[in-house]
Amino acid sequence: MVADVGAGNGKYLGGGRAYTAIGVDSSVALCAIAARKGHEAAVGDALAVPLRSGAFDAALSIAVLHHLSTTARRAAAIREMGRLLRPGGTALVTVWASKQSGEDLAAASRKWKALEADAQAAEGRDVLVPWHLPFHRPEARGALAAAAQGAAVSYVRADKDAVVFDRYYHAFDEGELEGVIAAAKCGLRVERAFYDKGNWCAVLRME
């Protein structure tokens with residue numbers, strides 16, 4: 001059994017007969033997409049996952065923790081992953097790195113907005129990254145209406161033919177992810193930590 005916490009549209013749920021996977025995501029719409037693909041998906045919060053404790057052999061957290069705004073919330077999400085795992089179970093966690101393609105995050109894109117006022121710690125940094133929803137996408141109609149009424153945190157870029165949402169990211173420094181895992185104090189031990197294509201990754205084992 002595999003639990004994918006923050007499964008989105010079910011990209012990593014397609015294990016076929018090799019294993020049974022259940023995805024959890026806070027988005028009703030994304031869970032519906034995963035379900036239409038034939039996957040098991042449940043609406044839930046990464047800080048309060050609606051799955052049974054100790055029932056899973058493995059757990060995934062792919063590109064999730066960097067959207068949580070404090071170290072305490074990130075550690076709480078790690079604790080929830082630990083709760084799901086049986087003794088000896090394995091977890092994979094990936095987060096956005098403050099080094100992108102060998103360059104410092106601040107120089108990687110001038111379009112990203114640094115949240116300098118939020119000086120929460122010496123580690124990592126917080127940014128808003130524009131996410132573009134093209135006008136031709138079916139869901140853009142509602143986003144356009146909300147943006148026009150000022151009812152959504154979005155804006156229209158006519159030159160890009162898109163509605164733009166600024167997405168929060170906490171970019172992790174080297175070693176910071178391991179610190180969050182240690183702060184969770186839930187029995188998860190880092191077996192391997194590595195850098196991969198702009199992300200810090202960690203393979204964990206439940207003791």
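## Starting at leucine 65

Leaving aside neighbours within four places in sequence, leucine 65 is in contact with Arg74, Ala77, Ile78, Val93, Val95, Phe172 and Leu177. Keep in mind as you look around that this is a predicted model.

Leu65 also has a place in the largest nonpolar core, a set of 23 residues. Together with Ile78, Val93 and Leu177, Leu65 is among the residues with the most contacts inside that core. Which elements each supply at least two of its residues? They are α2, β5, α5 and β13. As a general background, nonpolar side chains tend to be buried together in soluble globular proteins. Apart from this core lies another one, of 9 residues, including Val24, Ala46, Leu51 and Phe56.

## Helix α5 and its buried side

Helix α5 spans residues 176–184, and its buried residues are Glu176, Leu177, Val180, Ile181 and Ala184. Where do they sit around the axis? They cover an arc of only 145 degrees, which means that they lie on the same side of α5.

The buried residues of α5 pack against several elements: α2 (71–84), β5 (85–96), β11 (162–171), β12 (188–196) and β13 (199–206).

## Strands around β5

With β4 (residues 56–62) it runs parallel, and 6 bridges join the two. Within this pair, alanine 59 of the chain stands opposite alanine 91 in β5. β4, α2 and β5 make up a β-α-β unit, and the unit is right-handed.

β5 is also joined to β13, here by 7 bridges and in an antiparallel arrangement. Valine 95 has tryptophan 200, in β13, as its bridge partner. Val95 is also one of the contacts of leucine 65.

## A four-stranded open sheet

Another part of the model holds an open sheet of 4 strands with antiparallel pairing, in the order β8-β9-β11-β10. Which strands stand at the edges? They are β8 (113–114) and β10 (154–157); each has a single partner strand, so one side of each is left without a neighbour in the sheet.

For β8, 2 bridges make the link to β9 (residues 125–134), and the two strands run antiparallel. Alanine 114 stands opposite valine 127 in β9.

## The start of the chain

Methionine 1 belongs to the segment before β1 (2–5). Is this residue buried, partly exposed or exposed? Its relative accessible area is 34%, so methionine 1 is partly exposed.

Not counting residues up to four places away in sequence, methionine 1 touches Thr20, Ile22, Ala55, Phe56, Asp57 and Ala58. Phe56 is also among the residues of the 9-residue core. Methionine 1 and alanine 59 are 58 residues apart in sequence, while their C-alpha atoms are 8.6 Å apart in space.

## The chain as a whole

Stepping back, the protein chain has 5 helices and 13 strands. Of its 207 residues, 40% count as buried.

How much of the contact set comes from residues 24 or more positions apart? Among contacts in the protein chain with a separation of 6 or more, such pairs account for 61%.

Key:
Residues numbered from 1 in each chain as written. Predicted model: local features only at pLDDT ≥ 70, side-chain atom pairs only at ≥ 80, totals over all residues. Heavy atoms only, no water. Buried < 20%, exposed > 50% of the residue type's maximum accessible area, 1.4 Å probe, protein only. Contact = heavy atoms within 4.5 Å. Arc of directions from axis to C-beta. Core = buried A, V, L, I, M, F, W, Y, C linked by side-chain atoms within 4.5 Å. Pairing = 2+ DSSP bridges. Right-handed = clockwise from strand over helix to strand, strands pointing away.
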